[in-house]
Amino acid sequence: MPTYSFRCADGDEFDARFSIVDVPASTTCPHCGQPAKRMPSAPYVSRAGSSAYGLIDRSASSAHEPEVVSGTLPGAPRRAGGRYTTNPLHQKLPRT
Ligand SMILES: [Zn+2]
């Protein structure tokens, strides 16, 4: 459930969790008992476990510790006649 921020007339701020479909515009302040209005903010929804979170995690880790691969990517073009490219212009490139 997302967490929403509320603030009462006394200025107390607190977070409360509500379902995204029935989040009230105001609730009772747990400190002073006055009505507290919901503050405009994006609801915080946990991303842990989602595929988007995993993608972000993998991108961040591959920036400083790239995975070791043993071959080309699936679908990558195969070596042509022992060479890595069929472009004739690449034959003129200096060799190491
Ligand atoms: Zn209050």
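Predicted model: local features only at pLDDT ≥ 70, side-chain atom pairs only at ≥ 80, totals over all residues.

Me: Does Asp12 count as buried, exposed or partly exposed?

Reply: Residues are numbered from 1 along each chain as its sequence is written, and side-chain values use heavy atoms, with hydrogens and water left out. Buried means under 20% relative accessible area, exposed over 50% and partly exposed in between (1.4 Å probe, protein chains only). Asp12 has a relative accessibility of 23%, so the residue counts as partly exposed.

Me: Thanks! Which residues are the protein donors of the zinc ion?

Reply: Donors are N, O and S atoms within 2.8 Å of the metal (3.2 Å for Na, K and Ca); water is not among the atoms, so sites may look incomplete. Here the donor atoms lie 2.2 to 2.3 Å from the zinc ion, and they belong to Cys8 (SG), Asp12 (OD), Cys29 (SG) and Cys32 (SG).

Me: What geometry does the site of the zinc ion have?

Reply: Four donors count as tetrahedral if all angles lie between 85 and 135 degrees; four count as square planar and six as octahedral if opposite donors are over 155 degrees apart and all others between 65 and 115, and anything else is irregular. The angles among the four donor atoms of the zinc ion are 104 to 117°, and the site is tetrahedral.

Me: In what order do the four strands form the open sheet?

Reply: Strands (E, at least two residues) are DSSP runs, numbered from the N terminus, and two strands pair if DSSP finds at least two bridges between them. The pairing in this sheet is antiparallel, and the order is S2-S1-S4-S3.

Me: Which strands stand at the edges?

Reply: Look for strands with a single partner strand, since one side of each is then left without a neighbour in the sheet. That picks out S2 and S3.

Me: How are the rings of Phe6 and Phe18 arranged?

Reply: Rings of Phe, Tyr and Trp (its six-membered ring) pair if their centres lie within 6.5 Å; planes under 30 degrees apart count as stacked, over 60 as edge-to-face and the rest as tilted. For Phe6 and Phe18 the centres are 5.8 Å apart and the planes are at 70°, so the pair is edge-to-face.

Me: Which residues form the aromatic cluster?

Reply: The rings of Phe6 and Phe14 are stacked, because their centres are 5.7 Å apart and their planes at 15°. Together with the edge-to-face pair of Phe6 and Phe18, one aromatic cluster is formed by Phe6, Phe14 and Phe18.
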